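Here is a model to question term by term. Each reply sets a value against its definition and then concludes.

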Amino acid sequence: MNPTTLHPGPGGFYGEFGGAYVPEMLWPNVKELQDHYLEILEDPAFLAEYYRLLKEYAGRPTPLYPAERLSQHYGTHIFLKREDLTHTGAHKINNALGQILLARRLGKERIIAETGAGQHGVATATVCARMGMHCTIYMGALDVQRQRPNVERMKLLGATVVPVTSGNQTLKDAVNEALRDWISHPGETYYLIGSAVGPHPYPDLVARLQSVISEELLWQFPELTDRREPDAILACVGGGSNAAGAFYHYLDNDRVRLIAAEAGGKGVESGETAATIALGKTGILHGCKSYVIQDDDGQITEPYSVSAGLDYPGLGPLLSHLFVTGRAAFHTVNDDEALAATLLLARLEGIIPALESGHALALLDKLSFKPEENIIINLSGRGDKDMETILKRMG
Ligand SMILES: *Cc1c(COP(=O)(O)O)cnc(C)c1O
């Protein structure tokens with residue numbers, strides 16, 4: 001196994017992907033983080049506080065649930081890692097808590113973040129309230145309209161939501177505004193990124209914080225079975241943070257197959273898709289080199305998926321590296337397939353998953369597993385936020 005799979009090498013590269021491609025004015029901020037993040041993350045006092053908050057505030061460890069009726073339906077053993085049961089209802093809280101503790105240790109007083117669907121904005125506003133820190137969330141003006149309940153949650157939590165009216169008024173434009181803010185207020189501001197994307201060290205930082213998911217699997221899985229490790233772990237990918245977290249401690253264990261579902265939207269050929277691996281070419285997005293959906297002129301294409309959390313035109317560098325080295329397999333799941341899998345889980349197990357997680361569940365229809373195999377699906381979040389979309393599609 002390539003030793004750079006788990007941790008990036010010099011300059012933050014996983015093979016050819018990663019790095020820190022930022023404007024010169026941003027370099028001091030990024031360098032400060034690069035110089036300090038590992039020493040802080042590995043500090044026993046930091047870890048003690050992080051794990052205490054994960055337990056007492058976020059509700060960890062999350063259960064590993066043997067899904068009996070789903071297992072019967074597919075004729076294999078299926079376990080669900082219940083990130084949907086965390087505070088705020090998705091894995092994003094793991095990352096937000098870790099980064100805000102890091103920000104405090106760096107002496108920062110003000111947090112900024114970008115958000116598309118609003119899920120990361122809510123997680124960030126939540127931890128800012130908990131820590132008593134100022135919170136400014138940049139969000140495309142179109143997304144502000146489309147994601148009203150999340151905007152209201154952020155405001156209720158005390159955050160300032162700034163609608164961004166440049167460009168397409170979506171996530172890409174929100175990221176640009178957040179970066180502009182960071183350049184203008186370098187001393188006191190921490191930029192809290194929501195997925196395993198962005199300039200080095202963010203992809204590694206976020207993967208390490210989310211790795212608590214597979215750290216728990218290491219002891220939970222053997223407790224439930226007579227096996228040491230599962231045969232496969234399945235996760236959906238937007239930027240790649242829940243997948244990175246669920247795969248992390250198994251990356252060097254070739255007996256475990258790692259399988260990712262990316263959002264096909266209305267179909268890879270439809271022009272309305274977020275299937276980065278299926279369509280993408282190598283490019284630079286948000287300060288790192290990775291797979292990116294772009295047109296022939298290298299312009300980033302506006303992505304689409306029924307699930308707002310997968311609606312991202314890029315992919316984190318670790319996941320891109322896992323793809324090109326063959327360590328992880330990628331499949332495209334379209335809107336309809338994810339919706340069907342979401343409904344099936346609701347009816348068979350009484351769990352309404354996020355539509356993002358529905359993409360991972362839909363892999364069960366595309367792949368075949370043997371009756372004796374054990375499959376873990378990372379259930380990245382709960383579906384309350386998607387009720388309107390789900391009901392509309394059910395007609
Ligand atoms: C944001 C989100 C995702 C996608 O983000 P990753 O960084 O790829 O994990 C997946 N599931 C849920 C529930 C989300 O909120």
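Q: What makes domain 1 and domain 2 the units of this protein?
A: The bounds come from an automatic or database domain assignment. That assignment gives domain 1 as 14-53 + 91-206 and domain 2 as 61-90 + 211-394. The model is predicted: local features need pLDDT of at least 70, side-chain atom pairs count only at pLDDT 80 or more, and totals for chains, interfaces and linings use all residues. Residues are numbered from 1 along each chain as its sequence is written, and side-chain values use heavy atoms, with hydrogens and water left out.

Q: How many residues does each domain bring to the contact?
A: Contact means heavy atoms within 4.5 Å. By that rule, 30 residues come from domain 1 and 34 residues from domain 2. The domain centres, taken over C-alpha atoms, are 23 Å apart.

Q: What makes E7 and E8 edge strands?
A: Strands (E, at least two residues) and helices (H or I, at least four) are DSSP runs, numbered from the N terminus. Two strands pair if DSSP finds at least two bridges between them. The open sheet has the order E7-E6-E5-E8, with parallel pairing. Strand E7 (160-164) and strand E8 (189-191) each pair on one side only, which makes them the edges.

Q: How do you know that E5 and E6 pair?
A: Strand E5 (residues 110-115) and strand E6 (residues 134-140) share six bridges in the parallel sense. The rule asks for at least two, so they count as paired. In one of these bridges, Ile 111 has Cys 135 of E6 as its partner.

Q: At what angle does H8 run to E5?
A: Axes are lines fitted to C-alpha atoms, for helices over the stretch in contact, and angles run from 0 to 180 degrees between N-to-C directions. Helix H8 (residues 171-184) runs at about 160° to E5, lying across E5, E6, E7 and E8.

Q: Why is H5 called largely enclosed?
A: Buried means under 20% relative accessible area, exposed over 50%, partly exposed in between (1.4 Å probe, protein chains only). Eleven of the 13 residues of H5 are buried, so the rest of the structure largely encloses this helix. Among the buried residues are His 120, Val 122, Cys 128 and Met 131. The cover includes helix H2 (44-56), helix H4 (92-105), E5, E6 and helix H7 (148-156).

Q: Where is H10 kinked?
A: The bend at a residue is the angle between axes fitted to the seven residues ending there and the seven starting there. At Leu 218 in H10 the kink is about 30°, shortly before Pro 222.

Q: What makes E14 mostly covered?
A: Six of the six residues in strand E14 (residues 374-379) are buried. Asn 374, Ile 376 and Asn 378 lie on one side, with Ile 375, Ile 377 and Leu 379 on the other. Strand E4 (residues 77-82) pairs with E14 in the parallel sense over six bridges. Strand E9 (residues 232-237) joins E14 through three bridges, also parallel.

Q: Is His 286 buried or exposed?
A: His 286 has a relative accessible area of 16%, so it is buried. This residue sits in the turn of the hairpin formed by E11 and E12, which has two residues between the strands. E11 (residues 281-285) and E12 pair in the antiparallel sense over five bridges.

Q: What is the phi of Thr 88?
A: It is near 75°, a positive value in a residue other than glycine. Most residues other than glycine have a negative phi. Thr 88 is found in the loop between E4 and H4. With a relative accessible area of 23%, Thr 88 is partly exposed.

Q: How do you know that the bond joining Arg 60 and Pro 61 is cis?
A: Its omega is about 0°. A cis peptide bond also joins His 200 and Pro 201, with omega about 20°.
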